[in-house]
Amino acid sequence: MAREVVIIGGGPVGLLTGIKLLEKGFEVKIYEEDKQVGYPQHCTGIISFKTLELYPIEGQNLIINKLRGVRLRISNKFLEEYVASTPKAIVIDRILFEKKLYWKFIDMGGEVYLEKKTIPKILADDVKKKNGVVINAGGAKELIKSGYKDILTGFQMDIESIDKWIKDDVTEIYVDKGLNPEYFCWITPLADNYMRIGTASSGRVRDTLHRINENLGIPINRVVREFGGVVITGGPRKKFMDKNMIYVGDSAGMNKITTGGGLNYGGNGAIILTDMLYNDELTNYRSKWIEKFKRELQIQGILRELFLTMDEDEIVEAMTILSKTEVFNALLATGDMDYHASDLHKLLFEKDLMKILLGKGRFRRIIRKLFTKI
Ligand SMILES: Cc1cc2nc3c(=O)[nH]c(=O)nc-3n(C[C@H](O)[C@H](O)[C@H](O)COP(=O)(O)OP(=O)(O)OC[C@H]3O[C@@H](n4cnc5c(N)ncnc54)[C@H](O)[C@@H]3O)c2cc1C
């Protein structure tokens, strides 16, 4: 018999969770505090083709751009472009993406209550009394409430530049430890002379982004809009369930540690959660999700630790060696942007690279990371 499920948050993961539950015969209500789904946008919208397939909506007209490669720039010391023969990632229209999920959910018989800000704990106690289930898909804000600390503020600008500063299908990753020691900056082509530039920081991120832009020298004609949100970099929360509530998506910390990207890991979280709920196996929910992403998260945790502890010259040295290795080039040609851990272990045999990565006392920190329980 169908059980009532209430979902807090009509973001992509809440909506996907709702759709999957309706497919399984549950009665589902979504409470969303904003007036419209999709707004305000905080996300860049870069995902893999496989990530788009997780979401059961027609995806073709969501794609703003297809990306074949990355240009890596490390201040004025390193510049290299890695381009595959076929697109590896897409930039999607994030607002339309959420709207499509919303219409699909409504069309399937789900109920959405907009401008309905809930107090999750009170709602959860109430629904529990009626034997229902509350799923918290309220995003990063709900994660922070649990005391979670590994977050940065992300800030982005959509700009129109005077000339074509970047290739149509190559996104730039810019590292400048002097200006931002905590994170990289991304410049993603959208269409024509339009691009999305962003970074994340625990400090005054808007100022940081403006300084980075001055350094890069992008000739801005017009800033179309500025937007941002919380970038989650600490891995999943320790518990995906508490007394009366189940967490999924950003509220569970289902994000890549390296980039904060959450549409793949959170989308998979929605699928695992709804299967577990349907099969009455909720106790295995977290372990199933961890089983899928454990190796990725361990490697990403190490990469993040390396980024934070290496100075710019070390990163340049490491990248110079890495760029020449077969493994790295094969990874760029065939690799998967969501799952890259399986190939990276091959780099353990690159002695010169290991010497830099494990130098300056990093060996112990990395080993500790490797054995820290996720
Ligand atoms: C700067 C930036 C860039 C990013 N770029 C990418 C990217 O390129 N690729 C990628 O995969 N990911 C990216 N992400 C991460 C991605 O945006 C998130 O992982 C994704 O949006 C998570 O979806 P969600 O549904 O869990 O949470 P959210 O999208 O945050 O949705 C939560 C929803 O819950 C609602 N809500 C919250 N509290 C309540 C309440 N009490 N009552 C009712 N409603 C409530 C909110 O209004 C919101 O609509 C980026 C994030 C940031 C900040």
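**Domain 1 meets domain 3**

Q: How many residue pairs are in polar contact across the interface of domain 1 and domain 3?
A: The rule finds 9, both residues at pLDDT 80 or more. A polar contact is a pair of N or O atoms within 3.5 Å; within protein, one must be able to donate a hydrogen and the other to accept it, and residues adjacent in sequence count only if both atoms are side-chain atoms.

Q: Which element gives the most on the domain 1 side?
A: α8, with 4 residues. Helices (H or I, at least four residues) and strands (E, at least two) are DSSP runs, numbered from the N terminus.

Q: What should I know about the model?
A: This is a predicted model: local features need pLDDT of at least 70, side-chain atom pairs count only at pLDDT 80 or more, and totals for chains, interfaces and linings use all residues. Residues are numbered from 1 along each chain as its sequence is written, and side-chain values use heavy atoms, leaving out hydrogens and water.

Q: How many salt bridges cross that interface?
A: The rule finds 1 (a side-chain nitrogen of Lys or Arg within 4 Å of a carboxyl oxygen of Asp or Glu).

Q: What does Asp338 form a salt bridge with?
A: Lys256; the closest N and O atoms are 2.8 Å apart.

Q: New topic. What is the strand order in the open sheet of 6 strands?
A: β8-β2-β1-β9-β16-β15, with mixed pairing. Two strands pair if DSSP finds at least two bridges between them.

Q: Which are the edge strands?
A: β8 (111-113) and β15 (241-242). Each pairs on one side only.

Q: And in which sense do β9 and β16 pair?
A: Parallel, over 3 bridges. Ile135 stands opposite Ile246 in β16.
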